[in-house]
Amino acid sequence: MSGTFSIAIDLLLNSLVLSGVFLIVAMGLNIIYGLSRIMNMSHGALYAVGAYIGYSLVATGVNYFAALIITPILVGIIGLLIERTIILPMRKRSMVYTLILTYGLMFFLDGMIKHIWGNRPRFIELPEFMQGMISILGTQYPVYRLMTLFMIAAIMIALMLLLSKTKAGIIMRAASTIPEMVSCMGINMSYVHMGAFMLGCAMAGAAGIIAGPLTTIDPLMGGEMLISSFVVVVIGGLGSLRGAVIAAILIGFVQTFTEFFITDLAMVIVFIMMAVILAFMPRGLLGEGKFE
Amino acid sequence: MKKIVTISLSLMMAFVLMSSQQVFAKDPVKIGVLVPLTGIVAQGGLEMKMGIEMAAEEKGTILGRDIKLYVEDTQVKPPIAVSKAEKLVYKDGCKALIGVFSSGVGLALASNIDKLKVPFLSTHVMTTEFYGIHPLVFRSGQLANDQTAVGNVKGIMARPDLKEKTYYVLVHDYAWGHDAGQRFIDLAKENGIKIYNEEYDRAPIATKDWSSYISKIKASGVDGVYIAFITNVIPVFAKQMSDFGLQGKVKTISAAAPGPLELEAGGEACFGIFGASDWSWDVDTPASNKWEMAFWEKYKTIPSDAAAHSYVGAMNLFNAIEKAGSTDAQAIAQALKGISFDGPYGNVRISAKDNCMRNSAVLTETMAAPENPFGAKVTMKVLHTFTAEELGPPE
């Protein structure tokens, strides 16, 4: 295999890994917005909370895969508390109220992170078999990075099954398009909103523990991810799950390739792309975006 | 009766005057401390604060007055740092400013110093633009970019295994990173060291995933990388280089010393980082050993170079105020010129020519720590000590 080919494989895999992390975070954001019209500004902070909880679980001896299951559940429970105490009382008011409240919550969660875990970076200790390299089409690639692709795929399949095959999922999908009808059928919409918020937060937590070993865990990781996931959500269309998939892949590839070829302008190009798409396709790439 | 009233009034006046003199005598000397306590270098900022507080405690008083530190968070943002400096000087009445992490923040403060009209001593501004930038602006802390480049290039030249390598240059995209990268490239070329990308790469400060850059390094086929990153990012990059199997294959030379807590977090992935620094707790001199144990006793955290720089800078400032005999800005500035302090990394002297420090420094490589009182697992092992004259710049 030539060197150029192996670098191309590297870039392809790097793009997929980055896209995958963006996808899970953006999906969570989209589920919350699509079902309950809440623009959750604390979503990035919940992603960071997931990473730190995952770090603490592994550091105290919990197996990484067990932590991968426990972390989203715990972040989902945090989401439940947020929804019942902060979001629910504001449900009947304008979206701006929850937007500002969740923005404040983001600072609160960031402050809690610094208070509990401090400022220094943390790394999740992976099991030995996930620390090495594997040969793929002539390139040596980190095992864990490759495994994240499978983890992300598994999460996406589970999400699709939940939304298409379970009663709760079908109610959620119906509620995202015709909430009045769901309400008329005697289903308490308050519980639907609660479920959506919990699910979205759990997705943020799952992304946090998956992304933690890829990069680093620090108190700023949430704010940075919030910006990237908003770019994905805006390009894909607010509330559009299919749009988010395409947008996440697009952003992951554009960011990785521009960092490689035109380093200095990588993020500039991503934001110019978002501005152009927003100008010509305000409802996102698939035209499925929902506005309130 | 008139006489009694006159005597009483005179006594009262004398009492009031004496009391007010006593009040003035007890007025503390107010020093403004500007450090980043939030944002990307918050850990370094905390360590800087510790170093300055330790110096103030050790010094006790200046001109027979207590030292009062007013600490403000710059958030590593130039406009915020300038407004915090204005608050410290105009509202709190601080007579001097100390601290500051980041060349961008330092340059912003320096450009506002005519307005602030107090001496500003930076402890963590490495840009070469600081040499003689303003009569009220001084540096006594971390090595400047030209000094680090001299140390690193001398270190590379002294090691045949490093001398023959080709270096990829990757920096953080801001004033300090650009200056550090360019200084290294210029000096390396003069010495015949091969540079792969003279138009060095600039990565955004927010970069978390270094995989694209690592792919570029892999594609270039180099066997060395020169990095100029904010200290706490160094272990992050090292960890990802290790994940991609490049640790040991591509030698990392760093323009800044990683903090000890960050090194602990990065663990074995951080082994092998080579670079010049003022100080590391591996420095084995009586003054260094005494200082690091005092720091450990006080804070129960691994002594860091950020704390050592700030401690020494603060001592130079406090001694200068004492030497000036007043808190007048011009008098302090005059006293700072040529002042020196013997601390954990030897004699640190502020040049009267350009207001920036000259001191000896060490060449280090990160590796497994020997048994130590701090419980550290990684150390910046001292390989060589440079004299102040070797590092320059000449006066």
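Helices and strands are taken as DSSP runs, of at least four and at least two residues respectively, and are numbered from the N terminus. On this basis, in the predicted model, Gln75(B) falls in the loop between strand E3 (65-73) and helix H3 (78-91) of chain B. The phi angle of Gln75(B) is near 55 degrees, a positive value in a residue other than glycine. Asn355(B) is placed in the loop between strand E14 (346-350) and strand E15 (357-358) of chain B. With 24 other C-beta atoms within 10 Å, Asn355(B) is buried. A further backbone feature of chain B is the cis peptide bond between Gly392(B) and Pro393(B), for which omega is about 0 degrees. Pro393(B) belongs to the segment after helix H15 (388-391) of chain B.

The domain assignment divides chain B into domain 1 (25-143 + 285-359) and domain 2 (146-277 + 362-391). Taken over C-alpha atoms, the centres of domain 1 of chain B and domain 2 of chain B are separated by 27 Å. Domain 1 of chain B contributes 20 residues to the contact, and domain 2 of chain B contributes 24 residues. On the side of domain 1 of chain B that touches domain 2 of chain B, two or more residues each come from H2, helix H4 (103-111) and helix H13 (305-324) of chain B. That side of domain 1 of chain B is made up of 8 nonpolar, 9 polar and 3 charged residues.

Chain A contains 11 helices and 2 strands. Their order along the sequence is α-α-α-α-β-β-α-α-α-α-α-α-α. The radius of gyration of chain A is 19 Å, close to the 19 Å given by the globule rule for 292 residues, so chain A is as compact as a globular protein of that length. The C-alpha trace of chain A spans about 60 × 50 × 35 Å along its principal axes. Buried residues account for 48% of the 292 residues of chain A. Of the contacts in chain A between residues at least 6 apart in sequence, 77% join residues at least 24 apart.

Within chain A, helix H1 (residues 3-36) packs against helix H5 (residues 143-165) at an angle of about 35 degrees, and the two axes are 9 Å apart. The crossing of H1(A) and H5(A) is left-handed. Residues of H1(A) in this contact include Leu13(A), Gly20(A) and Met27(A), while those of H5(A) include Arg145(A), Ile152(A) and Leu159(A). By class, the contact of H1(A) with H5(A) comprises 11 nonpolar, 2 polar and 1 charged residues. Elsewhere in chain A, Ile100(A) is part of helix H4 (residues 95-117). Ile100(A) is partly exposed, with 13 C-beta neighbours inside 10 Å. The C-alpha atoms of Ile100(A) and Tyr141(A) are 42 Å apart, for a sequence separation of 41 residues.

Between the chains, 30 residues of chain B contact 26 residues of chain A. On the side of chain B that touches chain A, the elements giving two or more residues are helix H2 (42-59), strand E9 (201-203), helix H9 (211-220), helix H10 (234-243) and helix H11 (260-266) of chain B. The most is given by H9(B), with 7 residues. The side of chain B that touches chain A has 13 nonpolar, 7 polar and 10 charged residues.

Methods:
Residues are numbered from 1 along each chain as its sequence is written. Chains are lettered from A and ligands numbered from 1 in the order in which they are written. This is a predicted model: local features need pLDDT of at least 70, side-chain atom pairs count only at pLDDT 80 or more; totals for chains, interfaces and linings use all residues. Two residues are in contact if their C-beta atoms, placed from the backbone, lie within 7 Å. Ala, Val, Leu, Ile, Met, Phe, Trp, Tyr, Cys and Pro count as nonpolar, Asp, Glu, Lys and Arg as charged, and the others, Gly among them, as polar. The radius of gyration is taken over C-alpha atoms; the globule rule is 2.2 Å times the number of residues to the power 0.38. A residue is buried if 20 or more other C-beta atoms lie within 10 Å of its own, exposed if 12 or fewer, and partly exposed in between; C-beta atoms are placed from the backbone. Axes are lines fitted to C-alpha atoms, for helices over the stretch in contact, and angles run from 0 to 180 degrees between N-to-C directions. A crossing is left-handed if the near helix is turned anticlockwise from the far one by less than a right angle, and right-handed if clockwise. Domain bounds come from an automatic or database domain assignment.
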